[in-house]
Amino acid sequence: MKYEIIHINRFDYETPVDQSMNSIRLEPKTDECQRLLVYHTEITPHSLTSHYTDIWGNTVESFYIAEPHTHLEVKTTSVVSIQRSPFVDQLTYSKAMQDIFSSQLFRDQYLPFLSQTNYTYLEPHQVTNVKNEIGDIQNPVQFAKSLMNYLYAHFTYDSNSTNVNTTAREAIELKSGVCQDIAHAMIGVLRAQGIPARYVSGYLYVGEDSALVGDAASHAWVEFMAPGIGWISLDPTNNVEALENHIRVGVGRDYGDVSPVQGVYRGGNQNLDVSVSVTLLES
């Protein structure tokens with residue numbers, strides 16, 4: 001699958017902003033299954049960007065605007081190709097995988113993705129309630145799949161019930177939210193079970209007559225570490241393995257690590273308008 005993604009963030013300020021400093025995480029990844037073919041950024045007012053790689057391996061672009069401005073527009077254009085086949089259902093939990101999963105080395109290596117954050121933390125009784133529903137499953141791969149099924153069945157996708165600051169413990173009580181909330185809830189339960197999990201941000205190609213559900217601006221899903229195998233992507237919002245419709249941009253402990261646009265400015269209040277289009281070029 002080959003896609004073109006155009007992502008526009010437009011900020012309108014109530015009063016002139018005399019300076020602003022910003023960073024963006026909008027460049028899709030290149031990995032073993034996804035290849036970034038084209039990427040460029042257009043910033044208005046014009047500004048040069050500097051690049052660095054953050055601690056989680058995401059590409060970050062930063063820029064500074066010193067001149068007064070009442071509007072800021074960040075437009076990125078990407079072309080990516082993806083070849084990703086399903087395999088989570090083919091995994092067998094072997095004795096070797098079990099030994100790795102129970103080892104201290106495994107815990108130490110993935111400690112950042114075993115530690116809860118404010119976004120992902122769930123109260124002990126909330127975790128217990130979920131585990132009672134899905135059963136006592138020692139196989140981490142099967143546990144992750146069963147957890148995804150549970151969240152898909154119990155959450156209602158509702159963009160009006162939560163906001164960008166909603167935590168997993170709030171969303172799991174509401175049993176509603178968007179992809180960010182469902183991903184945080186899944187990560188919280190996985191980590192409580194001792195399974196390393198991380199937050200993935202990106203885009204979802206829905207296309208015509210698709211049953212997939214996602215936010216118009218971006219999408220979020222989960223990767224968990226299968227011992228001895230690697231990171232496996234699951235989309236609890238849609239109850240599917242994240243495959244060729246899922247375009248990876250960033251990974252981190254939670255949304256805070258991969259927020260698409262971050263910045264500080266000196267001026268009045270702002271209004272943000274986000275526009276994203278994902279176009280299928282080849283299949």
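Author: One definition to start with: two strands count as paired if DSSP finds at least two bridges between them. Also, this is a predicted model.

Reader: Fine. In what order do the strands of the five-stranded open sheet run?

Author: The order is β12-β11-β10-β9-β13, and the pairing is antiparallel.

Reader: Which strands stand at the edges?

Author: β12 and β13. Each has a single partner strand, so one side of each is left without a neighbour in the sheet.

Reader: What about β11, how many of its residues are buried?

Author: Five of the six, so β11 is largely enclosed by the rest of the structure. Buried here means under 20% relative accessible area.

Reader: How many bridges pair β10 with β11?

Author: Five, in the antiparallel sense. Glu 223 stands opposite Ser 233 in β11, and Phe 224 has Ile 232 as its bridge partner there. The hairpin of these two strands has three residues between them, and Gly 228 takes a positive phi near 80 degrees.

Reader: And on the β12 side, how many bridges?

Author: Two bridges join β11 to β12, again antiparallel. Asp 235 stands opposite Val 240 in β12. That hairpin has four residues between the strands, with Asn 239 at a positive phi near 60 degrees.

Reader: Asn 238 is in the loop between β11 and β12. Is Asn 238 buried or exposed?

Author: Buried, because its relative accessibility is 8%. Its side chain makes a polar contact of 2.8 Å with the side chain of Asp 235.

Reader: What else is Asn 238 in contact with, leaving aside neighbours within four places in sequence?

Author: Tyr 152, Leu 204, Ala 211, Leu 212, Val 213 and His 219.

Reader: Switching to Arg 198 in β9. Which side chain does a polar contact join to that of Arg 198?

Author: The side chain of Glu 223, at 2.7 Å. That is the Glu 223 that stands opposite Ser 233 in β11. Arg 198 counts as buried because its relative accessibility is 12%.

Reader: Which residues is Arg 198 in contact with, again leaving out those within four places in sequence?

Author: Among them are Phe 113, Ile 187, Arg 191, Trp 221 and Val 222. The list also includes Glu 223, Trp 231, Arg 248, Val 251 and Gly 252.

Reader: What is the lining of the largest pocket like by class?

Author: There are 19 nonpolar, 15 polar and three charged residues.

Reader: How much space is in the second largest pocket?

Author: About 350 Å³. Of its 19 lining residues, Glu 32, Glu 223, Trp 231, Ser 233 and Arg 248 lie nearest the centre.

Reader: Which strand gives the most to the lining of the second largest pocket?

Author: β11, with four residues. β11 and β13 each supply at least two. By class the lining has eight nonpolar, three polar and eight charged residues.

Reader: Different area. Which way do β4 and β5 run?

Author: Antiparallel, joined by four bridges. Tyr 52 stands opposite Val 60 in β5. The hairpin has five residues between the strands, and Gly 57 takes a positive phi near 90 degrees.

Reader: Last one. Asn 129 is in helix α3. How far apart in space are Asn 129 and Val 240?

Author: They are 23 Å apart, C-alpha to C-alpha, and 111 residues apart in sequence. Asn 129 counts as partly exposed because its relative accessibility is 43%. Val 240 is the residue in β12 that Asp 235 stands opposite.

Definitions and conventions:
Residues numbered from 1 in each chain as written. Predicted model: local features only at pLDDT ≥ 70, side-chain atom pairs only at ≥ 80, totals over all residues. Heavy atoms only, no water. Nonpolar A, V, L, I, M, F, W, Y, C, P; charged D, E, K, R; others polar. 1 Å grid on protein atoms, 1.4 Å probe; cavity = no way out; pocket = protein on both sides within 12 Å on 5 of 7 lines; lining within 4 Å. Points joined across faces, edges and corners; volume = space filled by probe spheres on them. Buried < 20%, exposed > 50% of the residue type's maximum accessible area, 1.4 Å probe, protein only. Polar contact = N/O pair within 3.5 Å; in protein donor to acceptor, adjacent residues only side chain to side chain. Contact = heavy atoms within 4.5 Å.
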